Amino acid sequence: MEDTRVALVVLIPLLGSIVSYALGRAAPKVAGALATAAVATAFYFVVSLWQALEGGQSFTFTLSSWLSFADVRLPLELYFDKLSAVMCLVVTGVGSLIHLYSIGYMAEDESRPRFFSYLNLFIASMLILVLGKSLPVIFIGWEGVGLCSYLLIGFWYTNPDFASAGRKAFVMNRIGDLGFLVAMAILYHSCGSLDITVLNRPEVLARVPSEMGLIAGIALFLAATGKSAQLPLFTWLPDAMAGPTPVSALIHAATMVTAGIYLMARMFGVIELDPLVPAIILWTAFATSAIAALIAISQNDIKKVLAYSTVSQLGFMFLAVGVGAYSVALFHVVTHAFFKACLFMSAGSVIHGCHHEQDMRRMGGLARSMPLTCLSYGAATLAIAGIAPFAGYFSKHAILESLAHAHNPYLHGYSELIGLGATAIAICTAFYMTRSFILTFLGSYRGEGHPHEAPMVMTAPVLVLAALSVVGGVVLHHGFFTYLQGPLPPVAEHSGGGIVGYVLGSLPGLLGIAAAYALFVIAPAVKDQIRNALWVGEKLSSRKFYLDEVLGLLVIAPIRGLSGVVSRVLDQSVSIGTGNAIGGISRAVGELTCRVTTGQVSTYVLWMFASAALLLYCFLPVR
Amino acid sequence: MSFMEFVIAAVGIASAIGVVGFRNPLSSAFSLIVHLLAVAGLYALLGAHFLAVSQVVVYAGAIMVLVLFVLMLLNLKSESGRRIGIIRSAITVGIGLVIFLAVSGPMLAQFDNLPQATLDHNIKASEGGVKAIGELLYSKYMVQFELSSLVLLVGVVGAVMLAKRKNVQLTPREGGLGGAK
Amino acid sequence: MDPISSYLGISCLLFTIGGIGLCLRRNAIVLFMCVEMMLNAVNLAFVAFSKIHGNLDGQVAVFFVMVIAAAESAIGLAIILSVFRSVASIETTDAAELKW
């Protein structure tokens, strides 16, 4: 049924974007509060819509008829059902907390109005993405968040490295967008509609021919790869840490990167058209997750650790997608939003307190000077490590369980391998997160200057998120999967197995924590010995497995060569040459014909009579 | 065609050629006066008596006098020696021929079918006389008549404005009245 | 050719001669006189047609043409005088600055 609140959810942050920029130029202090208020208002409307949602109901709102010609109907429609509700709650809820945090983080920055304007614009785009009723509308939001990501990563654009990081993110996103467009084309051609409520019906999907189904599925996954940073399009995410920390928290932890998961979940019918597609998703996600975890072990910049951790966790979510457990993946989206945003924001507080120092080797002992931040970071670390009863445990455990129950023909015999691998990755995750905690907060301070706790406006949101990371899982995990059974296929519900089950499930996490504690606190010498022994691994890890270089060679160099040829040959000779030639012809003709105007009256009279004679000859019947 | 008509027509055509042909503009002017009188004769032969008289009075009498005045005012010598090229002359005569053929062609094509008209050498007062034309002018062509008076007014005013002597020095030539202000 | 057609033929001839004069002569006043000649040719045609049709509308037209020709001659000659004052010549070849 139609409900205006759906439109308000999107339009208020959009308005906030414009207004906070306009007003912020006059009074910079107002910009942050205004932007936060806008997102909070959107959150309020989302909550009210969510409360009103019952059963298989959904709310829609048509913004405009947009494309409507011949027999093509592609209206701009918004759609709010249970899946959208979950996503919107995360986006607006975590979003408003991050806006609040940014007021403190960006307090000394002169371009604050622009920052908050972009942040609101991002929220609006993300909401369009999540609320879109048809693929083109989702694509609008898709592009919008890509744009805002570019704008916000390169926010301090005067630094050329930051600007090129933004550009790299945008270009890689764009490659994914190609997949989106291909999938849209195939689906429209076969099914005649791009509406998501139509496209998931089996009778509609049956119209897609089998080869096209494979291509469409792969294309959609390509789009998700670009947005959610999976192989081979994930190298932009660590570079994106060049942006301000609230940006990293919002976009690259909680929301934009989850857009890929959302797309997969919405289009699950298309994904499952050809069983090869989920298998590809699974393997890609596995490889990504493993590589990212291995790289994260050797990173020294606290934000980079978190960035690779995000890539790894996204890989986990895609693992769940690959076995068809979409609601499990979404559950991990929610919990990941809690603890990753908390981690990033705590890191931001640390950076802020250490006067923009990001290298962990120059931190340490901050537990004493920043107790609240330390508490939050620790809680979130336990969550990401998968320790019961923290939030991350429930979602990770659910993923691992769903892996065990996969029945994809392409995965025969490999499902145990993947399950083991995923568990190993979980141990790794716990290991490097604990390492970062130890390096940052324990021990003694290795840097210069006097670190101080962040102001309340920054620590309050962080504490809220930390609390959510603690209790979120316990509260949500019972009803979550059944809640989403309307829009998404059902998952087998597994019992928690009691206390024993919890302990067993937390084992990988505990192992990782113990290993990190042992190596970094108890016996640092052993750590150095191991590092020297594994020097190959360390090299690979710290050089990010040379992925950037490989991509540069395989992709960027040929494109540069081609564009050089095109610009020299085509542009110079053909385009400019043609233009000059036409101009030359024009001038020659002009110079020839302008001689008619001799200025002599007799010439003009002669021409006049000649024309008159011609006309007379034409119109009078001369014998 | 009677002898009278033939002579008058011949005079008209000859003087027309004279207007175009004479080098001296004064000779051209006099030739034009003769032409106008000849045409007036043709009008009379066609029974347009009022027009014949007004042709003599207005055209030959007033307009040509004005032209002669201006010619005298400018006190010109004959046209300077630059001759018009042969090519231009040929082209012009050619075009003239084409125009002549174009205009007279339709007529020549059907000269059998033109309505016959009788030429009356007796001057009849009713036909083409002042009364007849006056009746037409003041009834059917009233508006045009009034408007033409407006045109004449504009013409007078315009001519005075244009010809008024402004404060300019003439270039040293015997043109006009010298350098008088 | 019947009599009345010969008048029309004369009219055409006079018109053509006037036109040729317009193209060939350089003196502004002679150009003006050629235009007057063309007008006269047209007047002759009008009168001839009036004779053919048997009513006087053609002659009234001639009347108006004469009125306009009078006004036009006044203004035309005044213009020639003005031009003469700035260019000091009434040959059209001397006032040919508006060219490429």
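Here are some questions and answers about this predicted model.

User: What ipTM does the predictor give the complex?
Analyst: This is a predicted model, so the scores come from the predictor itself. It gives the complex a pTM of 0.66, and the ipTM is 0.92.

User: How many helices does chain A have?
Analyst: Chain A has 623 residues, and 51% of them count as buried. Its secondary structure includes 2 strands, and the helices come to 27.

User: What share of the contacts in chain A, between residues at least 6 apart in sequence, join residues at least 24 apart?
Analyst: Start with the contacts in chain A whose residues sit at least 6 apart in sequence. Then keep the ones that join residues at least 24 apart, and you get 80%.

User: Are helix 1 and helix 4 of chain A roughly parallel or roughly antiparallel?
Analyst: Helix 1 covers residues 4–26 of chain A and helix 4 covers residues 112–131. They pack at an angle of about 165°, with their axes 8 Å apart. Angles over 145 degrees count as roughly antiparallel, so helix 1 and helix 4 of chain A are roughly antiparallel.

User: And how many nonpolar residues are in the contact of helix 1 of chain A with helix 4 of chain A?
Analyst: The crossing of these two helices of chain A is left-handed. On the helix 1 side you'll find residues including Val6(A), Leu14(A) and Tyr21(A), and on the helix 4 side residues including Phe116(A), Ile123(A) and Leu131(A). The contact also has 6 polar and 3 charged residues, while the nonpolar ones number 14.

User: What is the handedness of the crossing of helix 3 and helix 21 of chain A?
Analyst: Helix 3 (residues 82–105) and helix 21 (residues 456–476) of chain A pack at an angle of about 150°, with their axes 7 Å apart. These two helices of chain A are therefore roughly antiparallel to each other. Their crossing is left-handed.

User: How many charged residues are in the contact of helix 3 of chain A with helix 21 of chain A?
Analyst: Helix 3 of chain A brings residues including Leu97(A), Tyr101(A) and Gly104(A), and helix 21 of chain A brings residues including Met458(A), Pro461(A) and Leu465(A). The contact divides into 12 nonpolar residues, 1 polar and, for charged, none.

User: Which residue of chain A has a positive phi although it is not a glycine?
Analyst: Most residues other than glycine have a negative phi. One residue here has a phi of about 55°, in the loop between helix 9 (210–228) and helix 10 (236–239) of chain A. This residue is buried, with 30 other C-beta atoms within 10 Å, and its name is Ala229(A).

User: What pattern does chain B follow along its sequence?
Analyst: Chain B has 181 residues, of which 29% count as buried. Its secondary structure comes to 6 helices and 0 strands. Read along the sequence, that gives α-α-α-α-α-α.

User: Which element of chain B has the lowest mean pLDDT?
Analyst: Chain B averages a pLDDT of 80, and 73% of its residues score at least 70. Over residues 120–125 of chain B, pLDDT stays under 50, and the model has 2 contacts there beyond four places in sequence. Among the elements, helix 2 of chain B has the highest mean, 94, while the lowest, 76, belongs to helix 4 of chain B.

User: Which helix gives the largest share of the side of chain B that touches chain C?
Analyst: In this pairing, 70 residues of chain B are in contact with 61 residues of chain C. Helices 1, 2, 3, 4, 5 and 6 of chain B each give two or more residues to that side. The largest share, 11 residues, comes from helix 3 of chain B.

User: How many charged residues are on the side of chain B that touches chain C?
Analyst: That side of chain B has 50 nonpolar residues and 18 polar ones. The charged residues number 2.

User: At what angle do helix 2 and helix 3 of chain C pack?
Analyst: Chain C averages a pLDDT of 88, with 98% of the residues scoring at least 70. Helix 2 and helix 3 of chain C meet through residues including Phe32(C), Leu39(C) and Val62(C), and their contact has 13 nonpolar, 5 polar and 2 charged residues. The two helices of chain C are roughly antiparallel. Their axes lie 9 Å apart, and the angle is about 175°.

Key
Residues numbered from 1 in each chain as written. Chains lettered and ligands numbered in written order. Predicted model: local features only at pLDDT ≥ 70, side-chain atom pairs only at ≥ 80, totals over all residues. Contact = placed C-beta atoms within 7 Å. Helix = DSSP H or I, 4+ residues; strand = E, 2+ residues; numbered from the N terminus. Nonpolar A, V, L, I, M, F, W, Y, C, P; charged D, E, K, R; others polar. Axes fitted to C-alpha atoms, helices over the stretch in contact; angles between N-to-C directions. Parallel < 35°, antiparallel > 145°, perpendicular 65-115°, else oblique. Left-handed = near helix turned anticlockwise from the far one by under 90°. Buried ≥ 20, exposed ≤ 12 C-beta atoms within 10 Å, placed from the backbone. pLDDT = per-residue confidence, 0-100.
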